[in-house]
Amino acid sequence: MSSNFTITRICHICGNEFLAKTTVTMYCSQHCRKQNQMAQERKAKLARSEAEVKILKEVNTTKQRAPILNKDILLVKDVANLMGCSTKAVYNMINDGRIKASNLGEDRLKWLS
Ligand SMILES: [Zn+2]
């Protein structure tokens, strides 16, 4: 849909006055529109990078606080330490089905380490 009027606007990128066909046109040319798009993409990349750094910092802090999290296999005593409860409570949760667990047995654990 085209309009029959023109309105004077000021470009958000270069600051030059230009004649626009709508009241929401923000850029005087394709070049300025492209400049804005590139600035938006740069801004988004920076935001993603900052978010990634924040997540990695949190993960590293968590690993420093609980080196147990780096293990592939958690023992009942590890889970008890993580949860701040007794091993008996962990065994109860395993028996209730609230914690999924496998009994690997002593020989298997020696073989794995
Ligand atoms: Zn412009």
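**Strands, zinc site and surface**

Author: Strand 1 (residues 7–10) and strand 2 (residues 17–20) pair in the antiparallel sense over four bridges, where two strands pair if DSSP finds at least two bridges between them. This is a predicted model, in which local features need pLDDT of at least 70 and side-chain atom pairs count only at pLDDT 80 or more, while totals for chains, interfaces and linings use all residues. Residues are numbered from 1 along each chain as its sequence is written, and side-chain values use heavy atoms, with hydrogens and water left out.

Reader: In what order do the elements of the protein run from the N terminus on?

Author: Helices (H or I, at least four residues) and strands (E, at least two) are DSSP runs, numbered from the N terminus. The protein has four helices and two strands, and the order of its elements is β-β-α-α-α-α.

Reader: Which residue in the hairpin of strand 1 and strand 2 takes a positive phi?

Author: On the two strands, Ile 7 has Ala 20 as its bridge partner, and Ile 10 stands opposite Glu 17. Six residues lie between the strands of this hairpin, and the one with a positive phi, near 85°, is Gly 15.

Reader: What arrangement do the four donor atoms make around the zinc ion?

Author: Donors are N, O and S atoms within 2.8 Å of the metal (3.2 Å for Na, K and Ca), and sites may look incomplete because water is not among the atoms. Here the protein donors are the SG atoms of Cys 11, Cys 14, Cys 28 and Cys 32, lying 2.2 to 2.4 Å from the zinc ion, with the spacing C-x2-C-x13-C-x3-C along the chain. Four donors count as tetrahedral if all angles lie between 85 and 135 degrees. Because the angles around the zinc ion are 102 to 118°, the arrangement is tetrahedral.

Reader: Which residue forms a salt bridge with Asp 96?

Author: A salt bridge is a side-chain nitrogen of Lys or Arg within 4 Å of a carboxyl oxygen of Asp or Glu. Asp 96 counts as exposed at 51% relative accessibility. With the closest N and O atoms 2.7 Å apart, the partner of Asp 96 is Arg 98.

Conventions. Tetrahedral: all angles 85-135°; square planar, octahedral: opposite > 155°, others 65-115°. Buried < 20%, exposed > 50% of the residue type's maximum accessible area, 1.4 Å probe, protein only.
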